[in-house]
Amino acid sequence: MTHDWLAFAKALRSIAQTGQTYTDNKYELERYKQLETLTNQMFAVLGDVPIEKIENLIIPDRGYATPKVDVRGAVFDDQGRVLLVREIKDGLWTLPGGWADVNESPSANVLKEIIEESGHRASQPRLAMLKDRSLHPYAHYSPDHIYKLFYVCTHDGGEFMPNNETDAADFFALDDLPPLSEGRTLPVDIHECWAFASSGAAGIYSD
């Protein structure tokens with residue numbers, strides 16, 4: 001029998017976070033804090049990294065525990081090539097995107113991420129896919145439960161501008177993709193976005 005220990009650790013972290021938010025008993029609060037420490041230790045063991053790295057990675061949330069949202073933008077040129085950016089952190093390529101910011105709609109977030117990371121302007125975002133990250137073979141585990149929103153957008157021109165997250169941007173043919181940062185983007189994500197773009201579907205209203 002196999003067990004998804006990462007899923008167990010995520011569930012315990014969720015309990016610890018929610019418990020700290022809603023309890024009014026100081027003894028229960030202390031126990032929930034101990035549970036949070038224990039889950040950080042579990043993440044460190046599962047990821048084979050020092051506990052200090054986990055504690056710095058996880059920003060303590062408060063309130064009812066909910067999934068985080070990652071937005072990605074698929075921009076195709078008139079030759080059917082996809083716009084990708086190269087991450088400084090790992091030297092690999094991905095659809096531009098990142099965590100959704102508060103006070104902005106998902107579609108506004110993705111357009112902002114595209115121009116910040118690639119220098120290219122995009123418009124008319126259409127929600128093509130919503131994926132639960134844990135149900136797909138993305139590389140590298142995450143202590144967070146993440147929903148990934150993929151938007152197909154219209155290319156409005158531009159050129160790469162230096163920034164602190166990516167060091168290159170370019171268009172690639174779908175049958176000649178560069179090495180991908182598969183914790184962020186899988187080849188199937190790009191091909192599914194192209195299938196959506198080619199279908200002429202209007203997309204789903206998401207704001």
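Five of the six residues in strand E2 (residues 82-87) are buried, where buried means under 20% relative accessible area with a 1.4 Å probe and protein chains only. The model is predicted: local features need pLDDT of at least 70, side-chain atom pairs count only at pLDDT 80 or more, and totals for chains, interfaces and linings use all residues. Residues are numbered from 1 along each chain as its sequence is written, and side-chain values use heavy atoms, with hydrogens and water left out.

**Strand pairing**
- Strands are DSSP runs of E with at least two residues, and helices are runs of H or I with at least four, numbered from the N terminus.
- Two strands pair if DSSP finds at least two bridges between them.
- E2 pairs with strand E7 (residues 166-172) in the antiparallel sense over six bridges; Arg 86 has Ala 168 as its bridge partner in E7.
- E2 and strand E3 (residues 93-94) run antiparallel and are joined by two bridges, with Val 85 opposite Thr 94 in E3.
- The hairpin of E2 and E3 has five residues between the strands, and Gly 91 takes a positive phi near 70° in this hairpin.

**Second largest pocket**
- The volume of the second largest pocket is about 510 Å³, a volume being the space filled by probe spheres set on the grid points.
- This pocket is lined by 24 residues, of which Lys 10, Ser 142, Pro 143, Asp 144 and His 145 are the closest to its centre; lining residues have an atom within 4 Å of a point on a 1 Å grid.
- Helix H1 (residues 5-22) gives the most to the lining, with seven residues.
- Domain 1 (5-57) and domain 2 (68-206) each supply at least three lining residues.

Technical notes. Buried means under 20% relative accessible area, exposed over 50%, partly exposed in between (1.4 Å probe, protein chains only). On a 1 Å grid over the protein atoms alone, a cavity is a set of points where a 1.4 Å probe fits but cannot get out, and a pocket is an open set with protein on both sides within 12 Å along at least five of seven lines; lining residues have an atom within 4 Å of a point. Domain bounds come from an automatic or database domain assignment.
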